[in-house]
Amino acid sequence: MPTDYACQAAAEQAARGIAPVRALLLPAQRSAPAQQEEVSVVIRSFMGPGAGGRPPAPEDSAPRVEPVGAPMGAAVLLSFLDGLRADLSGALVDWYSSIPAQLPVTLGVPDAEPSDRSPARLPNGWQSLADLQSNAQDVLTVLSSRPRDGRQVGPAELSWRLALLEDAFSGALRRMGVPEQPAADCAAELAVATGSLFGLNRPTPRSAPAQHSPSY
């Protein structure tokens, strides 16, 4: 089972990866215009036109986005683990099609509606990390118990399955209007973070399964 430390580190990495995408999906939240202060007639006549109030500071018009924390990163990784299960059970298309509806809910995008397929993962403090640990163990159990009928198993199989999920997730983000490079960067970060739960500490390979070194 992945350690508490591994889950925490993976969740923090996922949070860093998803933060730019969340910022793109969130509508610009600008603060209300600063209330103008009344200025006396004497001072206004001395300062000239335009002295009736104080212009808002430049930072007042900047979008305000709350930082993405580890619980939200863990919730997104839970979705990635769902993708692994879907891939193993032949339901990857369903997982792919659910992302545009479920991800905005997980990221707290206003007016986002949950998908009618299954409940979206919502950040919930330490519970998200506990769920991440148990779900990763479940996926590892499924992978290790699959029949060895000539197909690659173990780290090699997990690596190319994560590469497949990375491409699928990146494509789903592009469908949601996320530009190509941020979508690719985010998907790659999430794939690496997911792999780290299983001891894969290198970037996910993108080559075909047959090109990997033999599994143990």
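Let me begin with a term: a nonpolar core is a set of buried Ala, Val, Leu, Ile, Met, Phe, Trp, Tyr and Cys residues joined through side-chain atoms within 4.5 Å, where buried means under 20% relative accessible area with a 1.4 Å probe, protein chains only. The model is predicted: local features need pLDDT of at least 70, side-chain atom pairs count only at pLDDT 80 or more, and totals for chains, interfaces and linings use all residues. Residues are numbered from 1 along each chain as its sequence is written, and side-chain values use heavy atoms, without hydrogens and water.

The largest nonpolar core has 49 residues, among which Phe-169, Leu-173 and Leu-190 touch the most other members. At least two residues of this core come from each of helices 1 (4–25), 3 (70–89), 4 (92–106), 5 (126–145), 6 and 7; helices are DSSP runs of H or I, at least four residues, numbered from the N terminus. Helix 3 gives the largest share, 10 residues.

Now to the helix pair. The axes of helix 6 (155–175) and helix 7 (180–196) come within 8 Å and cross at roughly 145 degrees; axes are lines fitted to C-alpha atoms over the stretch in contact, with angles from 0 to 180 degrees between N-to-C directions. Contact means heavy atoms within 4.5 Å. Residues of helix 6 that meet helix 7 include Phe-169 and Leu-173. Beyond its neighbours within four places in sequence, Leu-173 contacts Val-21, Leu-103, Val-178, Ala-183 and Cys-186. Cys-186 is itself buried, at 1% relative accessible area.

Conventions. Buried < 20%, exposed > 50% of the residue type's maximum accessible area, 1.4 Å probe, protein only.
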